[in-house]
Amino acid sequence: MPAGDAFSARQQEDVVRAIRLARQQSDLPVSVYVGTLEGDSRATALQLHGALGDRAAGSVLVAVDPGARRVEIVTGPEVRRRLDDRAAGLAAMTMTSAFQAGDLSGGIANGVLALAEHAHAPRSLHTDTP
Amino acid sequence: MIARTVSPGSALRRAGLIATATSALVLVAALPALATGPGRDGGSEPGDGFSVLETLFWFVGVPAAIFVGIALLVTAPSMARGPRYRPGLGWWAAPVWFNGPDDADTAVRTATATTGGGGASARW
């Protein structure tokens, strides 16, 4: 993880903690990219998602371009079954409302947690009762 | 009750009378303080006056120092925190990738874009 000066240590910690919680609570691998998305932002985000390699299909990439004010959420083909586009859209809205207020790290952390909440597998109550 | 008619002239006279009476009362109340003469209270022993430099120090230097101190206290925390993101003022920092590939540059260059995935886009 290259640590730029985009975030203070505490802000980085917030984002890392949100990513860890998503993995622990919902078994959802989330990757967060903050930087410029050159050219077509969606295509660039898909390319970045592909760069995750083997784990791309089961991962979610959150790409934030603060300069162009764009958020792209890319879900891999596998994870898409758990996390539909509507849920991704809601998480994106959670983030943008915080970004508008200038809270970059808080918005990312909340968005990642929102993704994790939506991806949380619903408990099936009837399988373990006779 | 019958309304009294007040002519402008008598209203003005009344206001003048009240103003004079009030200031006279204040002066009467302050008479003991004026008893010892101007600039000299009973039992006071004034020392030497300030020189020009001392006057400048106490009445310009010290207030300016207090002003600068308070200004520093106000601005120091945000200066220590560094520049923060403000929407619409661009972005200055190097890209950060949390939980990304180990060698990001090579991975991105050699990667094939994901197909069949989903997601969402938004702007603010």
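In the predicted model, 32 residues of chain B are in contact with 52 residues of chain A. The elements that contribute two or more residues to this side of chain B are strand S1 (96-98), helix H4 (104-110) and strand S2 (118-123) of chain B. Among these, S2(B) supplies the largest share, six residues. Sorted by class, the side of chain B that touches chain A comprises 17 nonpolar, eleven polar and four charged residues.

Strand S2(B) also pairs with chain A. Six bridges join S2(B) to strand S3 (residues 70-75) of chain A, and the two strands run antiparallel. Within this pairing, A:Ile73 stands opposite B:Ala120.

Chain B as a whole contains four helices and two strands, arranged from the N terminus in the order α-α-α-β-α-β. Of its 124 residues, 9% count as buried.

In chain A, helix H3 (residues 85-100) consists of 16 residues and reaches 22 Å from its first C-alpha to its last, close to the 22 Å expected at 1.5 Å a residue. The buried residues of H3(A) are A:Ala88, A:Ala91, A:Ala92, A:Thr94, A:Met95 and A:Phe99. Because these residues cover an arc of only 155° around the axis, they lie on the same side of H3(A). An α-helix has 3.6 residues a turn, so residues three or four places apart point the same way. The cover over the buried residues of H3(A) includes elements of both chains, namely S3 and helix H4 (104-119) of chain A together with S2 of chain B. Just after H3(A), A:Gly102 adopts a positive phi of about 85°.

Technical notes: Residues are numbered from 1 along each chain as its sequence is written. Chains are lettered from A and ligands numbered from 1 in the order in which they are written. This is a predicted model: local features need pLDDT of at least 70, side-chain atom pairs count only at pLDDT 80 or more; totals for chains, interfaces and linings use all residues. Two residues are in contact if their C-beta atoms, placed from the backbone, lie within 7 Å. Ala, Val, Leu, Ile, Met, Phe, Trp, Tyr, Cys and Pro count as nonpolar, Asp, Glu, Lys and Arg as charged, and the others, Gly among them, as polar. Two strands pair if DSSP finds at least two bridges between them. A residue is buried if 20 or more other C-beta atoms lie within 10 Å of its own, exposed if 12 or fewer, and partly exposed in between; C-beta atoms are placed from the backbone. The expected span of a helix is 1.5 Å times one less than its number of residues. The arc is that of the directions from the helix axis to the C-beta atoms.
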